[in-house]
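I opened my notebook to look up aromatic rings. I wanted to see how they pair and how exposed they are.

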Amino acid sequence: MSRTKKRKSKIGTIIYNHIINNKREYLTITILFFVGVIISIILFNNSNEVTLIEISTYLNNLFNNIKNNENMDLFQILKETLINKLTITLLLWFGASTIIGIPVVYGTILFKGFSIGYTINSLLFVYGSWKGLLISISFLLLHNIIFVPTMFAISVSGVKLYKSIMKNKQRENIKLEILRHTIFCFIMLLGMLISAFIETYLSTNIAIILLKNIKF
């Protein structure tokens with residue numbers, strides 16, 4: 001077995017063991033995320049006609065601007081995306097690093113589930129089943145394959161930190177746990193940055209090609 005394969009195998013084993021050792025926390029975070037998605041579906045299905053018209057107008061204007069803009073400032077989009085990912089990471093880090101901040105972690109997961117669910121529902125409503133699904137995949141799938149698991153991992157680390165602080169309130173132990181959580185967040189931030197680059201340069205370009213070649 002080559003060094004590359006051994007390294008990949010070792011990384012895969014580390015990730016697998018991490019998930020298994022924290023399966024309860026991952027289950028909790030996953031449930032919260034899908035609760036956010038379900039809430040978005042319920043709220044969207046109960047939206048009034050005015051709200052639906054506003055959503056339709058917003059999406060049509062957005063996609064027309066993307067389709068007709070030949071010189072999109074991808075660097076500016078990347079900058080905004082990076083700031084967004086960094087903000088989420090800092091929010092999750094800070095929430096877990098303060099005893100009273102754990103609701104911030106849960107709230108962030110709920111909101112992201114709601115946000116993604118509401119976006120997909122809006123696209124399906126405005127453009128129909130297959131076209132809406134196609135746009136959803138091009139706009140949301142690729143970068144979220146990395147972003148969502150990374151966000152889950154940071155959140156699980158935060159929940160573990162909170163539980164550790166609750167079990168053992170000795171000052172030195174708390175400092176050590178916060179340091180571990182901080183280092184883990186820095187490592188996971190790499191995944192956030194990768195997802196930002198994918199969202200800007202891959203998802204955006206795929207979406208532009210899709211919008212220019214398929215009549216909506």
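I use buried for under 20% relative accessible area, exposed for over 50% and partly exposed for in between, with a 1.4 Å probe and protein chains only.

I noted the ground rules. The model is predicted; local features need pLDDT of at least 70, side-chain atom pairs count only at pLDDT 80 or more, and totals for chains, interfaces and linings use all residues. Residues are numbered from 1 along each chain as its sequence is written, and side-chain values use heavy atoms, with hydrogens and water left out.

Next I looked for ring pairs. Rings of Phe, Tyr and Trp (its six-membered ring) pair if their centres lie within 6.5 Å; planes under 30 degrees apart are stacked, over 60 edge-to-face, and the rest tilted. I searched the whole structure and found eight aromatic pairs.

One of them joins Phe63 and Tyr127: it is tilted, with 5.6 Å centre to centre and 50° between the planes. Phe63 sits in helix α3 (residues 49–68) and Tyr127 in helix α5 (residues 102–127), so this pair ties together parts 64 residues apart in sequence. My helices are DSSP runs (H or I, at least four residues), numbered from the N terminus. Tyr127 is buried, as is Phe63.

I then checked Phe63 with Phe139. The ring centres are 5.2 Å apart and the planes at 45°, so this pair is tilted. Phe139 is partly exposed, at 22% relative accessible area.

Last, I wrote down a cluster: ring pairs link Phe44, Phe114, Tyr118 and Phe125.

Notes. Helices (H or I, at least four residues) and strands (E, at least two) are DSSP runs, numbered from the N terminus.
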